[in-house]
Each structure stands twice: as C-alpha cells, then as structure tokens.
Amino acid sequence: MEPPGVSRQPTPVNYTMFQAFEWYIPADQKHWVRLREAVAGLKATGIDNLWIPPACKGSSQQGNGYDVYDLYDLGEFDQKGGVSTKWGTKDDLVRMVQEAQDVGIGVYFDAVLNQKAGADRTEQCRVIEVDPNDRTRALTDPYSIDGWLGFDFPGRGERYSSLTYHWYHFSGTDYNNANGKTAIYRILGDGKDWSKFVDREKGNYDYLMFADLDYTHPEVEADVKAWGEWLYGQVPINGIRFDAIKHYSGEFLRSLVEHLDDKIGPGWFLVGEFWQDSLDAMRTYIRNMQHKFSLFDAPLVYNFSSISNTENADLTKVFEGTLVGAEPVNAVTLVMNHDTQPYQALAADIQPFFKPLAYCLILLRAEGYPCVFYGDVYGIQGDHPLPPSCGGKVPDLCLARKLYSYGEQLDYFDFPQCIGWTRLGTWDRPSGLACIMSNAGPNEKWMYVGQEHRGEIWTDMLGWKEGQVIINDDGWGCFSCAAVSVAVWVNQSAEGRDQLGRFDTEIYGRA
C-alpha cells in the first residue's frame with residue numbers, strides 16, 4: 001500500500017489472454033457463432049483479449065487453419081470444399097469480433113505465414129533432397145520433381161490480390177507427385193536457399209511442412225505485407241499471434257512489423273510461437289526483434305510437466321530457466337495450448353492435480369502476461385474428450401487475478417514441497433490475496449499480507465480448504481492448504497466474491 005501523501009495514480013488493471021480454441025473443436029462451422037455468444041461471460045470473468053484460431057482458408061473445411069491455403073479468404077469464397085472455414089464464415093467472424101469489442105475484449109489474429117497447403121496443381125522444379133536431421137546436408141544431386149506448388153485461388157480470382165503462387169515462390173516442399181516419395185526437398189533456383197534468419201535446430205529449421213514460403217522473393221514479401229494492411233481493414237484486430245516464427249525469416253518478420261507500424265500505426269500486441277526449450281535462443285530472438293515482440297514461455301510449460309510428474313519435486317525451482325524469470329515483460333505464460341494438449345505432437349503431460357497450481361502460478365503473480373487455454377475452461381472434444389480442468393475453477397482464478405492480484409508481491413519459496421506468496425493490494429485495489437500450494441502433504445505458512453488487513457477474516461476462495469484466517473495486528477496470517485493442492489485466501493468480504501462460481505462452461509449448447 002502507498003504511504004500517506006504519495007500521489008495516487010490508478011493501479012493498472014491486470015490483463016489476461018484467452019486462447020479461444022483447442023485442436024478438437026467440432027468442424028461444424030459454428031465456432032465464431034459460439035464465441036460471439038460467449039464473449040460477455042468471458043469478459044465478466046476477467047478475460048481481456050482473445051487469441052482466435054487461424055481464420056484464413058485452409059486446405060479443407062476440417063483443417064484448423066495451420067494448413068493455410070489462401071490468406072485472403074476468411075470464409076468468403078467457395079474454395080477447398082465450401083465457403084466457410086472450419087470455424088465459420090467471414091461474416092460470422094466479423095460479427096464475433098465486433099461483439100467482443102462491444103463488451104471490451106480485444107482480438108489477436110493467428111497469422112500462419114510460414115507455409116501454404118492444398119495447392120491447386122503440381123509444377124515441375126529442380127530440387128535436392130536434404131537430411132531431415134541436418135537440412136544443410138544434401139543427400140542427392142539436383143533433379144526434377146513434380147511438386148504441389150501451384151496456387152491459383154480459383155474461387156477468389158484476383159479479388160484483394162492478383163498474385164498466384166508458383167514453385168519459385170517457395171524454398172522447399174515434402175512430396176514428389178511423380179513417384180509418390182516423401183522427403184525434404186530444397187528447391188533450387190537463382191539465389192535460392194534456406195533462410196539464414198531461422199532457428200539452427202536441425203542445421204537450419206526453415207522447412208517445417210507443406211510448401212515453404214521464400215521471403216527473399218520480392219513478390220512473396222510484397223503480397224504478405226499487403227495482406228497485413230488488408231486484414232486490418234477487414235477485421236478490427238488488436239494484435240497478432242505469429243505461428244512457427246523459428247521456421248521463417250526473422251528479418252522479414254521484423255520488416256513486416258515495421259511496415260504495419262508505418263501503414264497502420266504502432267501499439268499492436270505481437271506474440272510469436274518460438275517453441276524452444278533454450279532460454280538463450282528465446283532471449284536472442286527478443287533482442288533481435290528489438291523487444292517489440294513477446295514469446296510464449298515454453299520452458300515454463302516443460303517445468304510444469306516435469307514437476308507434476310516427479311514425486312516430491314522442488315517447487316521452489318519452478319521458474320528456473322524460464323522466460324518469465326528472465327524477460328517478464330516479453331513473456332506470455334501458459335499451462336497448455338493446442339500443440340501441447342493430449343494427443344498432439346508437442347504434448348506436455350501435466351498431471352491433473354498440478355493444473356490448479358500451475359494456473360495460480362501464471363494468473364496470481366506479478367510477472368508475465370498469462371494465456372488461459374480454451375480446453376481447460378470449456379473442456380476438450382474429439383475421440384478422447386476431457387471435462388474442464390481444475391474442477392471448473394479456472395474462470396474463478398481469472399477473476400481473482402482481475403480483482404485481487406495487485407500490489408507488492410512477497411514470496412515464501414522456502415520449502416521444496418510447499419511454496420506461497422502474497423499480494424498486498426494497492427490504494428484503489430486493496431483486497432490482496434495469499435496463495436499457498438503443496439505437491440506433497442498438507443502444509444501451512446505464516447505469511448504477511450499487510451497491517452491494513454489486520455482483523456480481517458480470510459477464507460479460501462476456491463473452497464478446497466475449510467476454515468478461516470484472522471489477520472493479526474502485525475498483518476500476518478497462518479495460511480494452509482490440503483495435500484497436493486492449492487488454496488487462495490482472500491478477505492471473505494472482498495468486493496466481487498459473490499461473482500465466483502457463476503461462469504457457464506456449457507459452450508456447445510449455444511449454437
């Protein structure tokens with residue numbers, strides 16, 4: 001709390017991002033409609049910005065959009081099986097974004113700029129095969145293949161963009177239609193090579209999948225920059241999540257950001273998927289992007305997974321080697337996403353008991369910008385369905401962040417299997433909170449919450465730990481939690497406690 005006489009500025013509000021999809025959402029073209037009906041409830045529980053799934057036309061209506069076919073088709077043209085994307089039509093998208101903005105939620109667009117998929121025809125080109133584990137090592141002499149590299153966009157024609165894509169717009173592909181062979185083919189041509197401004201994993205990690213775009217080609221660079229301007233004119237977004245950024249030119253991406261700043265104006269929120277467990281590599285990328293970029297904290301996810309799967313793991317080390325520990329301003333913290341959810345390529349197994357602990361660690365602390373996963377709020381669909389995680393308490397933790405997680409943070413990371421911290425509140429957001437968690441037996445800690453709270457009666461807002469804590473005259477309380485659990489203690493009379501438990505997780509009955 002600020003001392004008397006100090007000029008009092010309003011406390012900045014805590015922001016929370018919501019990843020508004022999971023991998024197995026039904027391909028019924030109703031996702032935008034469901035989200036439109038859900039945004040008011042998301043706002044009421046503390047969500048400020050939606051990261052929406054890739055809205056550009058994919059190679060089929062079942063694709064999640066990472067199989068991107070046409071950047072300039074947001075569900076407007078009859079291509080690749082129909083007008084809608086998996087998520088709905090362009091009109092549905094625009095209405096959803098408008099409704100989100102009307103209730104005070106911003107929208108981040110998922111830009112898939114590394115590749116194209118679902119080509120309209122094959123084209124011949126010269127290639128060499130390269131070693132999948134070392135893309136700088138050639139396995140063959142040059143020869144010709146018949147690759148799926150011709151993109152004509154017949155449903156759209158020349159509307160919005162007249163460029164059609166050909167083999168020379170790409171740097172690599174993975175299938176030779178002439179003989180049915182799958183390999184990694186580096187496309188040859190004057191000055192063509194893998195980008196030098198990509199991650200060095202596998203020697204050079206330019207190639208990821210499908211037809212790999214070559215940003216040294218001036219037509220590709222110009223078309224994608226024009227698309228960025230066009231997109232803002234079609235859908236009033238507040239930021240962009242860039243997919244797979246370690247696989248395409250960081251030099252181009254920096255140029256694109258500068259272009260959008262110049263043509264549209266600065267102030268966008270920009271976050272990249274640089275999925276890497278090397279903190280040094282992530283920090284280097286942030287420096288190269290002049291700290292205008294945030295990254296998802298992959299090392300933190302791996303720490304959560306490791307700790308949750310290790311008996312008597314050391315909770316005090318949970319932030320070691322993480323982006324939020326080193327670059328908190330540029331770190332987007334998370335527990336799970338569409339790539340790490342069960343049965344996905346990067347699945348990071350986090351035991352159910354640890355999910356609430358992990359969400360407290362990203363939502364109730366001062367550092368980082370937390371991103372909450374759709375599957376943990378609404379459940380996961382598909383062949384292996386799962387209910388909302390944390391006993392349905394994630395929305396309540398989002399609300400606790402919005403209402404109570406302010407002021408000085410005092411850490412009690414003093415015992416390997418039980419840690420805690422307090423937030424002391426501020427002059428205009430005075431409630432504060434105390435969080436304690438254990439990955440072993442039941443435990444308790446004396447923690448300081450401030451003399452301003454003396455005499456208050458605090459209870460666990462999650463309802464998982466019974467009892468009351470009366471804050472003593474010195475501002476301390478003895479806070480406890482159950483075995484392998486977490487408790488979030490807040491004044492029982494704190495503003496907003498009556499809003500807890502009201503969130504509706506039944507999203508699939510809305511459309």
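User: How many residues of helix 8 (residues 355–363) are buried?

Analyst: The model is a predicted one, and a residue counts as buried when its relative accessible area is under 20%. Helix 8 is mostly covered, and its buried residues number nine of nine.

User: How do helix 3 and helix 4 lie to each other: roughly parallel, roughly perpendicular or oblique?

Analyst: The axes of helix 3 (residues 218–234) and helix 4 (residues 250–263) come within 10 Å and cross at roughly 40°, and the crossing is right-handed. Angles under 35 degrees would count as roughly parallel and those from 65 to 115 as roughly perpendicular. Helix 3 and helix 4 are therefore oblique.

User: Is A244 buried or exposed?

Analyst: A244 lies in the loop between strand 13 (239–242) and helix 4, and its phi is near 55°, a positive value in a residue other than glycine. Because its relative accessibility is 3%, A244 counts as buried.

User: What is the relative accessible area of Y160?

Analyst: Y160 also has a positive phi, near 75°, and sits in the loop between strand 9 (143–150) and strand 10 (170–176). Y160 is partly exposed, with a relative accessible area of 28%.

User: How many residues of the lining of the largest pocket are charged?

Analyst: The largest pocket holds about 540 Å³ of space, and 25 residues line it, with L208, M209, E273, D339 and L346 lying nearest its centre. The lining divides into twelve nonpolar and six polar residues, while the charged ones number seven.

Conventions. Residues numbered from 1 in each chain as written. Predicted model: local features only at pLDDT ≥ 70, side-chain atom pairs only at ≥ 80, totals over all residues. Heavy atoms only, no water. Buried < 20%, exposed > 50% of the residue type's maximum accessible area, 1.4 Å probe, protein only. Helix = DSSP H or I, 4+ residues; strand = E, 2+ residues; numbered from the N terminus. 1 Å grid on protein atoms, 1.4 Å probe; cavity = no way out; pocket = protein on both sides within 12 Å on 5 of 7 lines; lining within 4 Å. Points joined across faces, edges and corners; volume = space filled by probe spheres on them. Nonpolar A, V, L, I, M, F, W, Y, C, P; charged D, E, K, R; others polar. Axes fitted to C-alpha atoms, helices over the stretch in contact; angles between N-to-C directions. Parallel < 35°, antiparallel > 145°, perpendicular 65-115°, else oblique. Left-handed = near helix turned anticlockwise from the far one by under 90°.
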